[in-house]
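Hello,

Please find the structure below. My notes on it follow.

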Amino acid sequence: MRHSADVGVIGAGHAGIEAALACARLGLDTVLFTVNLDAVGNMPCNPSIGGTGKGHLVFEIDALGGEMGRAADEVTLQSRTLNLGKGAAVHSKRIQADRAAYRARMKHTLETTEHLRLLQAEVVAVGVEETDGKPAVRSLTTALGEVWEVRAAIIATGTYLDSAIFVGDVSYKSGPDGLMSASALSDSLRALGLPLRRFKTGTPARVNRRSIDFSALEVQPGEETVTPFSALTDPAAFDNMEQIPCHIVYTNAETHRIIRENIHRSAMYSGKIHGTGPRYCPSIEDKLVRFADKDRHQLFIEPLGKDTEEMYIQGFSTSLPTDVQTAMLHSLDGFANAEIMRYAYAIEYDCIDPTALYPTLETKAIDGLYGAGQFNGTSGYEEAAAQGLVAGINAAMKLLGREPLVLPRSSSYIGTLIDDLVTKGTNEPYRIMTSRSEYRLLLRQDNADARLTPLGHRVGLIDDARYQSFLDKQAAIDAEVERIGKTNLAPTEALRALLEANGSTPVTTGVKLADLLRRPELTYDALAPIDVSRPDLPRAVRVAAEIRVKYDGYIRREEAEVKKLSRLEEKLLPPDLDYEHIGGLRLEARQKLSKIRPRSLGQAMRISGVSPADISVLMIRLADTDPKGGTTADE
């Protein structure tokens, strides 16, 4: 049988969901393939969304019109904001999600979205044909022999692509959670010339709640005031919400002894696994090798949902045999009688070298073929969803004949993530972190909407009503920042008492409210008793105004740096530029530039092996080819 659609999306994990929803909501006939309908939106690893850097991505996904943040708000079991003891730039929201409820919520959203068909089928081949001298995607073939004619396709295969499970010396073909592996597609992609590689990740055991002695564990409660991920979620929805606590336990000398005596039986250390694992999410045996000086490691005990007794042990990922898993688990305080419900495992899978992608996430080799998520070499649900959204938007923009969405590093963590992948590549599963951005103070959670909602509206994923609400919020923030800057306070006894109570130096003359707010020990809420002209504002407006005032000088400096560097980002390089024949470029630079084919001078600067002298050569070349509007060597 033959069918047709505008866009085919392969895989219904976090990347595929966002990609398919973006295309369908922009009016394109979209088909979303999954190997199992019960795995739509699955969380095969940790039952959480957000975290350091990752929380920023979820806010940004929502600001562009994506779905993850809204769904996460609806299935929240517990919410916490990490790094509150540090500056606002690294504050990161993280929630414990009800795993089953999230799957059901996302599946139903897909089922009820216009222009979108959800189909259980394994895609085994991508068909292409020559168009204007370049291969272009034209069809997708399923394992049942059905052919879908498409004009664009997005590969979002997660960890299913020719995947294999490893537990000790046992290995077998499988996807996560016992679902089948998608093996045939790898051969098709290799035949098309796509550079595939092998990565690895893993997951810990799940334990029955009734078998844990929680009296031996530390309690980790949720936060009292919850800020939603999504602008569409009413903050009042979290009022009086009963949050499910998490717990903390630590490995000990006995745990470490068991692991060390059996480490040769780990699939990671026995030579069975050849894929590269994530540096920032190592297995417990990896931790013992890399951090041999530590006598204990912190583990988090997290619920998987309201209607299940399964508990997840964050930080205890392993590929050791089942008998060792049981022994090391029983060595933990409170886990002497723990019952394992699912054993830990490592999983290997195929993915692409992301330098084979444009910043739009379209493959350079095949016109109309896009990659997203772990297929692009990343790890994590949030990284996957962010890429899926961008890939979906750009596939739609291409078919609609509109300008692509390319997010610069200065705009977002999504832009940083994609730029890192397509410019620098990655030799291990990539994870976003706040330290990856040089613009951290500009890329905060509280201003994700200010940075990206206008783009979401321009693209068409933010409707006019939501956009007007956004504009009203920004106007309220601007007005409050202006009011704070203009408000003068007299040196009254009330002011003196408030400052002393907060450990701040009293004043003897009049002082601006803004100057007090910039003191590290003072907050917007702490100043309320002496700020009598303060209007009643939503918490999100108050937080955003406070941060803008408190960090005003630092923000201005970063904005000036962005403006300076943006000139290079705006200098676009011809896509067909022949770097091999540009005199003055070093050999390494020619090879790297020819491979990456940077979109701009700014991107070219970030390629390892391209020197400032090489950039000068490119500047001169641009000036020679575009004498009216080109760059000069001095610039």
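The notes cover a sheet, a helix and the nonpolar cores.

This is a predicted model, in which local features need pLDDT of at least 70, side-chain atom pairs count only at pLDDT 80 or more, and totals for chains, interfaces and linings use all residues. Residues are numbered from 1 along each chain as its sequence is written, and side-chain values use heavy atoms, with hydrogens and water left out.

Sheet. Four strands make an open, antiparallel sheet in the order β13-β12-β21-β14. Strands are DSSP runs (E, at least two residues), as helices are (H or I, at least four), numbered from the N terminus; two strands pair if DSSP finds at least two bridges between them. β13 (170-173) and β14 (196-203) are at the edges with a single partner strand each, so one side of each has no neighbour in the sheet. Strands β12 (164-167) and β21 (345-352) are joined by three bridges; Ala-164 has Glu-348 in β21 as its bridge partner.

Helix α11. Gly-460 follows α11 and has a positive phi, near 120 degrees.

Cores. A nonpolar core is a set of buried Ala, Val, Leu, Ile, Met, Phe, Trp, Tyr and Cys residues joined through side-chain atoms within 4.5 Å. In the largest, of 97 residues, Ile-49, Ile-154, Leu-189 and Ile-414 touch the most other members. Helix α9 gives the largest share of this core, 12 residues. A second, separate core has 22 residues, including Ile-477 and Leu-489.

Regards

Terms used
Buried means under 20% relative accessible area, exposed over 50%, partly exposed in between (1.4 Å probe, protein chains only).
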